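Please keep the sequence and the model at hand while reading.

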Amino acid sequence: MAAIAENLQLVRARIARFPRVKLLAVSKSQDVERVRAAHDAGQNAFGENYVQEAVQKMQLLPKLEWHLIGPLQSNKTRIAAERFDWVHTVASEKVARRLSEQRPAELAPLNVLIQVNVSAEGTKSGLAPAQVEALAQAVSAMPRLRLRGLMAIPAPGADRSAYRQMKQIYDSLQSRFAFDTLSMGMSDDLDLALEEGATMVRVGTAIFGARKKQKDAA
Ligand SMILES: *Cc1c(COP(=O)(O)O)cnc(C)c1O
């Protein structure tokens, strides 16, 4: 557990030369004790890929800030809307509309990011760049959502141009939609993403060490 606090310090030091960058600790497949260790070391925001797994941790650690960063199927939107603070993977109007309708009235609007598929060879999740503006328009009119910006998972080994393209799309929409968040960068591409303008990075392995084998998607 001591390693988690040390790793966090190292990651924070890498981020520190870029102002106003937020660190998300990706805790998928890590047990609650390891999440707690990171929290004890000052980390408050956590990213999870699977709704079911995240909800189990939330029951034990309710006060933390929880971000859903895995693909969201439309039959899981209700739990996401009720339990998470942020959803990074909105890529369709249908999912956005369900999240808005299902966000409980007593909670603040759900923070959302639109996931963009910048390097087409990589993940198949996310929206083509040409479709982002129309979805941003629709999402920004949904009463129970707060559109904060964009998210991307460039393919492993993607070159700098993928990150630049993402930043360009972000900049082109930033003032119109009052974006403040560009979520990109993981353990292996952290420095590159920061250099190219990420404002939120999602780091798992560099904080918690290698993951156990993935569970099935929830
Ligand atoms: C797992 C995951 C991360 C963290 O990846 P690491 O390589 O462990 O830092 C970040 N973002 C998303 C969307 C992920 O699925």
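## Residues with positive phi

Ala 178 is situated in the loop that runs between helix 7 (160-177) and strand 7 (181-183). In this predicted model, the phi angle of Ala 178 is positive, near 55°, although the residue is something other than glycine. With a relative accessible area of 57%, Ala 178 counts as exposed, because the cut-off for that term is over 50%.

Ser 29, likewise not a glycine, has a positive phi of about 65°, and its place is in the loop between strand 1 (22-26) and helix 2 (32-40). Is Ser 29 buried or exposed? Its relative accessible area is 7%, so Ser 29 is buried, the limit for that term being under 20%.

## Nonpolar cores

The largest nonpolar core is made up of 66 residues, and within it the most contacts belong to Val 87, Leu 99, Leu 150, Val 201 and Ile 207. Helix 7 supplies the largest share of this core, namely 7 residues. Apart from this core lies another one, of 8 residues, which includes Leu 24, Val 26, Trp 86 and Met 200.

## Surroundings of Leu 99

Which residues are in contact with Leu 99 once its neighbours within four places in sequence are left aside? They are Leu 72, Thr 77, Ala 80, Ala 81, Val 87, Val 90, Leu 110 and Leu 145. Of these contacts, Val 87 is also listed, as is Leu 99 itself, among the residues with the most contacts inside the largest nonpolar core.

Technical notes
Residues numbered from 1 in each chain as written. Predicted model: local features only at pLDDT ≥ 70, side-chain atom pairs only at ≥ 80, totals over all residues. Heavy atoms only, no water. Helix = DSSP H or I, 4+ residues; strand = E, 2+ residues; numbered from the N terminus. Buried < 20%, exposed > 50% of the residue type's maximum accessible area, 1.4 Å probe, protein only. Core = buried A, V, L, I, M, F, W, Y, C linked by side-chain atoms within 4.5 Å. Contact = heavy atoms within 4.5 Å.
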